Amino acid sequence: MINLPKKIMDVVNTYDSQTGYYKKNNGEPDGIHTELEVLEIWYNLCRMIRPTRVIETGVYQGLSTCYLAAAMHDNGLGGKIYGIDPLPQNHLWIGTELEKYIEYLSIFSYGALPYLVGQEYDLLIVDSEHTYKTANLELVNFEPLVRPGGYIIMHDTLFHDGVAQAARALYDSPRFEVITFETPRAKQTPNIKDPVSMGLTIARKVNHGPPISTDPGWIGVGERDPVGPEPWLRRVVRRASDV
């Protein structure tokens, strides 16, 4: 059982496991918080790998950050999560026992590298703007800081083609062991018959090596629904496995 402060549980208790959405105070669905089942995976992964330094891009109100901090607290090793997000929010960790584990960087991820260099990190979470340009930049900048044996998590890799293309670089490199999961929240698209899961990709870094590649043709592509006939990442990975 994950022990979280009441103000955080008040948000958790609005979660609908059938849809993968939370509820805002006005009753509208909130699809920005990461799905609860995914957060529980992150918590348990952190209990297992016992990180003391984490980078998280895309914080929003900090529900995911609180789950990571709760794992650090329960591991009893101390540590710090560097949460990167330029948009100010009333963060859920403020005034709780989890606050001491979190350093919030109110900055765009492309400007965060100078604040992070000089240390190795156990876990990198990429979950900010859902474009190739941003997701790829975060991998290019922050992956070299992840220690061998550390982990990279990317959310929304099935639904957003730009994030999927960035995640493909992990699949293409022998430096990573990679798997992608379905997640509870799914959306219907005009191009695919069944609703498409947001998707979760987890990679274990085997060693340092050549930098993550960048595809210039994707830099100008904005957020978009999957083109079809199936999620783009699943299609290209299946094609590669058939070779």
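Which residues are buried in helix 2? They are Leu36, Val38, Leu39, Trp42, Tyr43, Leu45, Cys46 and Ile49. The structure described here is a predicted model.

## Helix 2

Helix 2 covers residues 36-49 and has 14 residues. From its first C-alpha to its last it reaches 20 Å, close to the 20 Å expected at 1.5 Å a residue. The residue that follows helix 2 is arginine 50, which has a positive phi, near 55°.

An α-helix has 3.6 residues a turn, so residues three or four places apart point the same way. The buried set in helix 2 includes Leu39, Trp42 and Cys46, and it also includes Val38 and Leu45.

## Helix 3

Helix 3 spans residues 63-75. It has 13 residues and reaches 19 Å between its first and last C-alpha, close to the 18 Å expected at 1.5 Å a residue. Just after helix 3 comes glycine 76, with a positive phi of about 75°.

Because 11 of its 13 residues are buried, helix 3 is largely enclosed by the rest of the structure. The buried residues are Leu63, Ser64, Thr65, Cys66, Tyr67, Leu68, Ala69, Ala70, Ala71, Met72 and Asn75. Helix 3 also gives two or more residues to the lining of the largest pocket.

An open sheet is formed by 7 strands in the order 5-4-3-6-7-11-8, with mixed pairing. At its edges are strand 5 (102-105) and strand 8 (176-181), each of which pairs on one side only. From one strand to the next, the twist averages 15°.

Strand 3 (residues 53-57) and strand 6 (residues 121-126) run parallel and are joined by 4 bridges. Threonine 57 has valine 126, in strand 6, as its bridge partner. Strand 7 (residues 146-155) has 8 of its 10 residues buried, so it is largely enclosed by the rest of the structure.

## The largest pocket

How much space lies in the largest pocket? The volume is about 770 Å³. The lining of this pocket comprises 36 residues, and those closest to the centre are Gly58, Asp127, Ser128, Glu129 and His130. Two elements give two or more residues to the lining: helix 3 and helix 5 (132-142). Helix 5 supplies the largest share, 4 residues.

By residue class, the lining of the largest pocket divides into 13 nonpolar, 14 polar and 9 charged residues.

## The cavity

The structure holds 1 cavity of 30 Å³ or more. The volume of the largest cavity is about 30 Å³. Its lining consists of Val126, Asp127, Ser128, Glu129, His130, Ala135, Glu138, His155 and Val163. These residues divide into 3 nonpolar, 3 polar and 3 charged.

The largest share, 3 residues, comes from helix 1.

The lining of the second largest pocket divides into 4 nonpolar, 5 polar and 5 charged residues.

Is asparagine 13 buried or exposed? Its relative accessibility is 58%, and the cut-off for exposed is over 50%, so asparagine 13 counts as exposed.

Asparagine 13 and isoleucine 2 are 11 residues apart along the chain, and their C-alpha atoms are separated by 13 Å.

Conventions. Residues are numbered from 1 along each chain as its sequence is written. This is a predicted model: local features need pLDDT of at least 70, side-chain atom pairs count only at pLDDT 80 or more; totals for chains, interfaces and linings use all residues. Side-chain values use heavy atoms; hydrogens and water are left out. On a 1 Å grid over the protein atoms alone, a cavity is a set of points where a 1.4 Å probe fits but cannot get out, and a pocket is an open set with protein on both sides within 12 Å along at least five of seven lines; lining residues have an atom within 4 Å of a point. Grid points are joined across faces, edges and corners, and a volume is the space filled by probe spheres set on the points. Ala, Val, Leu, Ile, Met, Phe, Trp, Tyr, Cys and Pro count as nonpolar, Asp, Glu, Lys and Arg as charged, and the others, Gly among them, as polar. The expected span of a helix is 1.5 Å times one less than its number of residues. Buried means under 20% relative accessible area, exposed over 50%, partly exposed in between (1.4 Å probe, protein chains only). Two strands pair if DSSP finds at least two bridges between them. Axes are lines fitted to C-alpha atoms, for helices over the stretch in contact, and angles run from 0 to 180 degrees between N-to-C directions.
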